[in-house]
Amino acid sequence: MKTEKTVPVSMHTMDNVSLAVDQQQLKAAFAQFSQASAQLSGVYQALQQQVHQLTQELALANGELQHELMAKEALSQKLSQLLTALPAGVVTLDQDDRIEQVNPAALRLLGEPLLGCRWWQIEQDRLCPAGVAGEWHFAAETTRVQRVYIESSISVVDQTRILLIHDISEAHAMREQNRRNQRLAAMGEMAAGLAHQLRTPLSTALLYAEHLSSEALSIQARQRFAVKTQERLQHLEQLICNMLQFVKGDSIPTHEVRLSALLSELQWMMTPQLQRADVRLTVTDNSNNVCLHANQDSLCSVLSSLLENALQVSVAGSRITLSCEATEDAVMLTVGDDGPGIEPAVVERLFDPFFTTRSEGTGLGLAIAHDVVRSMRGEIRVASVPGAGSRFTVCLPRKI
């Protein structure tokens, strides 16, 4: 039997093996450290790039903010200068209606003190309503300003109120002067229109009055002319009353007017002037004895104005026509002449106030006649051919 021999392992050999294992682990750990270090270095570089980019963006944003801040400061300065130079007063009120900011113009217009005061107190102590929305005048002569206009707006951000105060003293004075001038012009127009309306019946009354001075007249003829003169003067008085009512806008009284009687009155009224001008008047009555609900004096004045215009363009020996046609719904009264006619461009302006083609005319006769007829819900139609005369037709409804 053989006996195996155990060979003893020396301590030196075991130490070498352990050292080799440790070296391998150290290398693996160093490799992992190097890899982690490389990763950390990459991340750090990326972070540095991001920090650099963010720094640039922040610097750019800061520059833009600085630029905007400077622009806002410049705008604020300009607004402040504008507010100071603004001729209108500016007052800002807080939510409690207390004045927190004013400009110099507001101090000039309203006087001091203003800051810290409540606006309703300023209105009560220094202002009085002028009777026009937004307009005020001063309760006492504290400033040279007499009248102001105040506009109000509310901020949608903080509900504060801003008042804009305008000095309208000169504008108000000019407005009042313009109103006065308009009233004077209306009075002048009324006077001219009244004079035009009175011209025809006054001429007739003067002719009758001249006959009264004739010694060759008999007592009966003198009495007849005296009655006619009195009738014309009464007609003048009625015309004045109607004209004043028309100018004031009052309704002119109406009644039943028999058209045949109206035509006879016009013929009788125009006879003296027609005879003096040697012009014939032909009357055609196709009214079938109907009546018209109107004001006889006003309608007579309109037709006499048309007849007088026809007479002024007629030559001696010529003829003027006056006709009446009646239907179930309307009445047509037509005045025609054989004069020179009217150009189309002139026809369009015939009824404009103060428009006339005659140097001695007022330009109000046809304008007033047109307004009177229109107040009766009627119209005046014009048919004219240059060189062939003119026809003016007053169209009125049977029932006004």
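Author: The structure holds zero disulfides, a disulfide being a pair of cysteine sulfur atoms within 2.5 Å. Keep in mind that this is a predicted model, where local features need pLDDT of at least 70, side-chain atom pairs count only at pLDDT 80 or more, and totals for chains, interfaces and linings use all residues. Residues are numbered from 1 along each chain as its sequence is written, and side-chain values use heavy atoms, with hydrogens and water left out.

Reader: Why is Cys-128 called partly exposed?

Author: Its relative accessible area is 26%. Buried means under 20%, exposed over 50%, and partly exposed in between (1.4 Å probe, protein chains only), so Cys-128 at 26% is partly exposed.

Reader: What makes Cys-395 count as buried?

Author: Cys-395 has 8% relative accessibility, so it falls under the 20% limit.

Reader: And why does Glu-135 count as buried?

Author: Glu-135 comes in at 8% too, so it is buried by that cut-off.

Reader: What makes the Glu-135 and Arg-147 side chains a polar contact?

Author: They are 2.9 Å apart. A polar contact is a pair of N or O atoms within 3.5 Å; within protein, one must be able to donate a hydrogen and the other to accept it, and residues adjacent in sequence count only if both atoms are side-chain atoms. The 2.9 Å therefore sits within the 3.5 Å limit.
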